[in-house]
Amino acid sequence: MTVVSTELASRVLLAAVFVGASAFEALRERKPSARFRRGMAVSVALLGLALAVAQSMGFRVEEGGLAMGPMVFAKQAAYVHKLTFEGKYLCSIVSATLFLGAVLFTPSAPLVRVRMSRVYLMQALVFTLIEVQKVSSFLLFGALLLLLFNGAVRHHARSLPEDERGQVRAQAFLWYHGVALAAIGASLVLRLLHDVGLVIPAQVGGAPGLLQTIDLALLCLSSAIVAGIFPFHGWVVPFLGAPRGTIFLPLLCIEVGLLFFFRLYAPIVTQFWSHSFLLIIVPVVGLLYAALLFFAETRLKRIPGYLYLSHISLMALSASGFEEMGMTASMLDGVNVLVAVLGLLGVCALLTSRFGVRGVLAPSGLGALFPELGVCYLVCVLSLVGFPGTLGFIEEEVTIGQGLEHHAFLVGVVAVALTLNGFSGFRLFARIFYGQPVEGRDPETSLSFRERAVIFLILALIVLNGVAPKFLLRALSDFAS
């Protein structure tokens with residue numbers, strides 16, 4: 001059987017398209033009057049999505065008999081072309097779709113000037129992280145991405161002087177990611193020493209040596225910080241809760257965090273420390289910690305951060321103690337988190353663009369002004385708390401089923417945390433979207449067709465994959481195996 005595929009070409013083109021767009025925007029941004037160009041951004045996003053889909057498709061050529069009617073007239077070889085889907089490229093499709101959603105959510109006049117050259121470059125590096133095979137290459141490109149993140153965070157903190165806690169959030173983000181960069185640098189040094197023969201590797205099948213153990217610990221530390229796993233979570237809620245007119249930076253940070261989790265943290269823990277009591281109990285504490293803080297929360301802008309913190313803890317727990325099906329459940333949860341958090345961040349960005357920095361602190365009565373935002377908020381939160389009929393329900397079912405087989409005592413903890421999250425989500429929905437609108441909110445600032453379209457896209461992805469999850473489950477199962 002022969003396989004004819006556009007895989008090689010699409011691998012190069014997918015990142016090259018965004019690098020080219022970054023170079024073009026860098027030239028254009030030299031002018032102080034340069035503004036966000038949605039037409040170009042949408043075109044680049046659609047082209048990237050098309051290339052990602054082409055990358056995942058392949059034509060398989062099979063040999064068979066040539067039949068005409070009920071009789072076989074010839075025995076010579078005939079070729080039947082079948083279109084197949086490669087689940088391992090699902091990450092690129094998801095990332096390209098998220099980028100398109102972020103572009104559509106961006107308002108015509110963002111609060112802060114958008115440097116799209118940096119956004120395109122960061123997205124190109126995300127596609128590169130998805131493709132690279134060697135751990136050393138992954139660490140190099142990951143370190144470059146973290147440096148770009150740090151520069152973007154500093155720029156955002158300086159651009160919003162009315163955001164009084166902006167500098168504090170920026171310092172927390174920079175401190176944590178500085179530690180992650182140091183751990184990545186130390187790991188790269190150890191790998192360089194190994195390549196030149198100064199470090200003798202452990203024997204195949206044997207236990208890792210001291211330096212190999214240090215390297216694994218550095219990789220776990222850096223990936224736990226980038227992913228925001230408890231107790232290295234201090235940057236997550238303040239950073240994701242920062243008021244923004246665009247959502248490129250937080251969304252890309254979540255994507256990179258999940259890539260670090262699935263490429264480094266989960267395989268290392270599964271292979272070397274899967275039975276470690278500490279690596280099982282710590283995610284449980286993180287899950288309960290996030291649920292309790294979310295229970296006491298009243299600010300809209302912090303909701304995405306707490307729900308992400310809950311789910312990254314749940315993914316870490318699945319990777320630590322639930323074996324192969326736990327990894328599939330974690331991947332499914334990762335897709336659910338990306339899509340649902342895109343919706344929640346989009347709701348916050350739309351309100352911030354209309355009402356300023358304080359538009360996402362403690363609003364009320366939004367249901368009368370923006371019913372579409374209420375539906376988007378509710379469906380995204382329901383998916384993140386595992387409500388039946390949503391994508392999150394499938395993941396919660398797999399996780400609890402695996403928990404009963406391996407660690408039955410954890411099921412009660414997970415159920416309590418999810419119940420608290422569900423109650424908090426409904427309570428905040430009633431607080432934010434019911435009641436009388438706050439004075440000073442103009443009822444004429446309704447959503448545009450573009451904003452309604454991206455909200456509909458997010459809802460469709462959550463509901464359709466929740467009702468018919470076979471395709472996504474099959475793709476992720478193949479990828480995990």
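**Helix H9 and its neighbours**

Guide: Helix H4 passes helix H9 in a left-handed crossing. The model is a predicted one, and the description that follows refers to that prediction. H4 covers residues 116–131 and H9 covers residues 248–272. Their axes come within 11 Å and cross at roughly 15°. Angles under 35 degrees count as roughly parallel, and H4 and H9 are therefore roughly parallel to each other.

H9 also packs with helix H3, which comprises residues 90–105. Here the axes lie 10 Å apart, and the angle is about 165°. Because angles over 145 degrees count as roughly antiparallel, H3 is roughly antiparallel to H9. The crossing of H3 and H9 is right-handed, whereas that of H4 and H9 is left-handed.

Together with Leu-210 and Leu-211, Ile-214 makes a nonpolar surface patch of about 280 Å². Ile-214 has a relative accessibility of 37% and therefore counts as partly exposed, since that class lies between the limits of 20% for buried and 50% for exposed.

The loop between H7 and helix H8 (236–240) holds Pro-231. A cis peptide bond joins Phe-230 to Pro-231, with omega at about 10°. By contrast, most peptide bonds are trans.

Terms used: Residues numbered from 1 in each chain as written. Predicted model: local features only at pLDDT ≥ 70, side-chain atom pairs only at ≥ 80, totals over all residues. Heavy atoms only, no water. Patch = residues over 30% accessible without salt bridge, like charges linked within 9 Å, V, L, I, M, F, W, Y side chains within 5 Å. Areas by Shrake-Rupley, 256 points an atom, 1.4 Å probe, with all protein chains shown as cover. Salt bridge = Lys/Arg side-chain N within 4 Å of Asp/Glu carboxyl O. Buried < 20%, exposed > 50% of the residue type's maximum accessible area, 1.4 Å probe, protein only. Helix = DSSP H or I, 4+ residues; strand = E, 2+ residues; numbered from the N terminus. Axes fitted to C-alpha atoms, helices over the stretch in contact; angles between N-to-C directions. Parallel < 35°, antiparallel > 145°, perpendicular 65-115°, else oblique. Left-handed = near helix turned anticlockwise from the far one by under 90°.
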